[in-house]
Amino acid sequence: MDFLIVVIVILLATLVLVGVGDRFNLPWPVLLTLATAAMIFIPGVPNVTIQPELILPIFLPPLLWALGQRASWQMFRTNWRAIVIYSVVLVSITILAVMWTSMVFIPGMTVAAAVAIGAAVAPPDPVAVEAVAEPVGIPRRIVSTLQTEGPFNDAVSLVAFQAALAAITVNSHLSAPVLVLEFLYTAFAAVVIGLLFGWLGGIARRHLNSHVARSGLTLIIPFAVYIASEEVRASGVIAVVVAAVQMSSTMGDLEPEDRLTGTAFWEVIEMLITGVAFGLIGLQVRQVVEDAGDRIGEMLLHGCIIAAVVIFIRLAWMSIIVGFNHSKARRPMTPRTMGEALVMTWSGMRGLVTLALALSLPAEGFGFRSEVLVIATMVLLFTMVFPGLTLPFLVKMLGLDQEDQQDRQERELLKRAQNAAMEAVGRYAQDAPPELVSMVSDLYRRMVPKSPQEVENQEFYEAQLAERNKRRKLFAKMRDTALNAAQDEIISARSDRGVDPATVDHVLRKLDQMAAVQNPDMANLLPGLQSGLSSPPAGKPQKPPRPPKQS
């Protein structure tokens with residue numbers, strides 16, 4: 001019962017921290033990390049123990065699946081160089097650098113234990129990077145590179161970590177050729193397993209008629225893929241990501257409601273699992289700190305040194321890429337400037353994988369487990385908390401929050417969608433009422449935001465946006481009040497005699513769907529709310545909109 005109470009408290013704390021982050025525009029993974037660190041100093045918190053061998057299979061599969069669903073085969077084909085340079089080479093160099101540092105500064109450190117430390121702290125956490133980096137306005141090209149390296153750097157680290165763990169367990173020696181061959185086998189076998197499960201999952205999804213069942217299927221497959229891969233000593237990380245990408249590549253046969261509910265479902269799963277993982281791991285780190293006793297100061301110093309090595313290696317590697325781009329590269333890679341190199345270094349945040357790997361070390365027969373956990377915690381604090389809080393300021397100071405190629409591509413795609421929609425609306429111009437055609441046309445004309453270069457009168461444009469946002473908030477308040485009143489009335493009908501509860505649920509579902517699809521942009525189309533939003537600046541005549549194409 002104590003364990004269940006702890007989990008519920010952690011879930012509630014996660015929801016509160018996410019709300020606080022949204023309210024004050026702070027990244028919730030950073031707040032979660034601070035809360036986890038605070039558990040070390042809270043007296044009376046019960047000790048919670050998780051079997052080390054269960055940590056990775058429980059927490060990694062759903063988080064990796066959520067990440068893989070946002071990827072695509074085209075993204076991997078486009079960014080294959082980033083995968084090799086960052087996920088393989090940079091992670092390997094980081095493991096070697098941390099291994100050497102650990103053996104120099106930590107007395108009695110063995111090679112296998114040093115490799116385990118390096119493998120644990122080497123991979124940046126793609127979940128943390130996405131939650132922290134994307135909302136602050138980093139160019140899409142940089143965010144895309146950071147997201148691409150995520151799944152594969154975890155795979156490289158896990159291969160090295162598992163080899164080190166095997167050497168620790170059986171007291172054997174590590175061999176570099178064996179590590180390379182093992183990585184090639186685990187990667188190839190994982191791709192095969194992932195493609196197979198993704199293909200079978202796509203077939204099963206097409207034969208399920210329920211939206212709920214289709215979402216539930218995506219929750220089962222990650223664990224099945226991970227377990228099957230581990231049984232044949234393949235990389236469960238790569239297999240889960242490949243299966244997720246394979247299933248997401250067949251999304252064309254899904255209904256819009258499937259995509260909307262699936263996205264919302266996995267956002268909730270990702271948030272809650274991350275929160276539970278951080279909380280439970282924080283409780284165990286607290287016990288480790290208590291067990292460390294007088295050596296805790298020395299362990300913290302070692303953690304600071306290794307954190308500095310991790311950050312320096314990433315910055316040096318990014319600087320080398322920038323120099324290569326300036327000298328020889330025909331197709332420059334990211335980063336292209338020292339400003340971008342600094343931002344990508346700041347975005348190399350360690351997270352759940354780092355702590356999970358450290359906790360996977362055996363509790364018995366391994367004398368450095370407490371040291372590894374303290375080091376992993378310090379690396380997470382130095383690479384997550386401080387960069388996460390200062391990244392928005394750094395991006396703005398370096399001027400990287402401007403429109404880049406990916407943003408322009410997004411605008412072009414929106415324009416293509418706009419043209420297709422306007423052409424479809426034009427087919428009804430002869431038969432539909434003119435005011436209805438005008439309303440729908442206005443809706444799709446607004447779907448493409450203006451670029452900074454298209455704004456001629458910045459002051460007027462900003463005032464226009466402020467007025468539009470004010471009207472959106474007013475409309476949203478009116479809409480939500482009306483919908484809440486309608487929903488409350490239907491819910492109260494459950495107590496009415498002669499009313500079928502199933503009918504109440506059916507009507508309530510319609511109201512819920514209405515609430516889900518309502519768009520605040522519609523406020524600009526309602527009579528009485530549109531005045532003053534589209535007036536051109538004085539002296540600048542407004543160009544008439546291009547009429548829709550006729551079929």
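Two aromatic pairs turn up in this predicted model, where rings of Phe, Tyr and Trp (the six-membered ring for Trp) pair if their centres lie within 6.5 Å, with planes under 30 degrees apart called stacked, over 60 edge-to-face and the rest tilted. In one of them, F265 and W266 sit with ring centres 5.8 Å apart and planes at 90 degrees, so this pair is edge-to-face. F265 is partly exposed at 26% relative accessible area, while W266 is buried at 4%; buried means under 20%, exposed over 50% and partly exposed in between, using a 1.4 Å probe and protein chains only. W346 and F386 make an edge-to-face pair too, at 5.9 Å centre to centre and 70 degrees between the planes. This one ties together distant parts of the chain, with W346 in helix α14 (residues 338–346) and F386 in helix α16 (residues 369–398), 40 residues apart. Helices here are DSSP runs of H or I with at least four residues, numbered from the N terminus.

Numbering of residues starts from 1 along each chain as its sequence is written. Local features need pLDDT of at least 70 and side-chain atom pairs 80 or more, totals for chains, interfaces and linings use all residues, and side-chain values rest on heavy atoms, with hydrogens and water left out.

Now for the helix packing. The axes of α5 (residues 80–105) and α13 (residues 296–327) come within 10 Å and cross at roughly 145 degrees, the axes being lines fitted to C-alpha atoms over the stretch in contact and the angles running from 0 to 180 degrees between N-to-C directions. By class, this contact has 16 nonpolar, 4 polar and 1 charged residues. On the α5 side the residues include Y86, L90 and I93, and they meet a set in α13 that includes I306, W317 and M318; contact means heavy atoms within 4.5 Å.

Y86 also shows up among the residues with the most contacts inside the largest nonpolar core, which has 129 residues; such a core is a set of buried Ala, Val, Leu, Ile, Met, Phe, Trp, Tyr and Cys residues joined through side-chain atoms within 4.5 Å. Not counting residues up to four places away in sequence, Y86 touches T334 and P335, among others. The peptide bond from T334 to P335 is cis, with omega near 10 degrees, and P335 lies in the loop between α13 and α14.

Most residues other than glycine have a negative phi. R233 belongs to the loop between α10 (211–231) and α11 (236–248) and is exposed, at 59% relative accessible area.

Key. Helices (H or I, at least four residues) and strands (E, at least two) are DSSP runs, numbered from the N terminus. Ala, Val, Leu, Ile, Met, Phe, Trp, Tyr, Cys and Pro count as nonpolar, Asp, Glu, Lys and Arg as charged, and the others, Gly among them, as polar.
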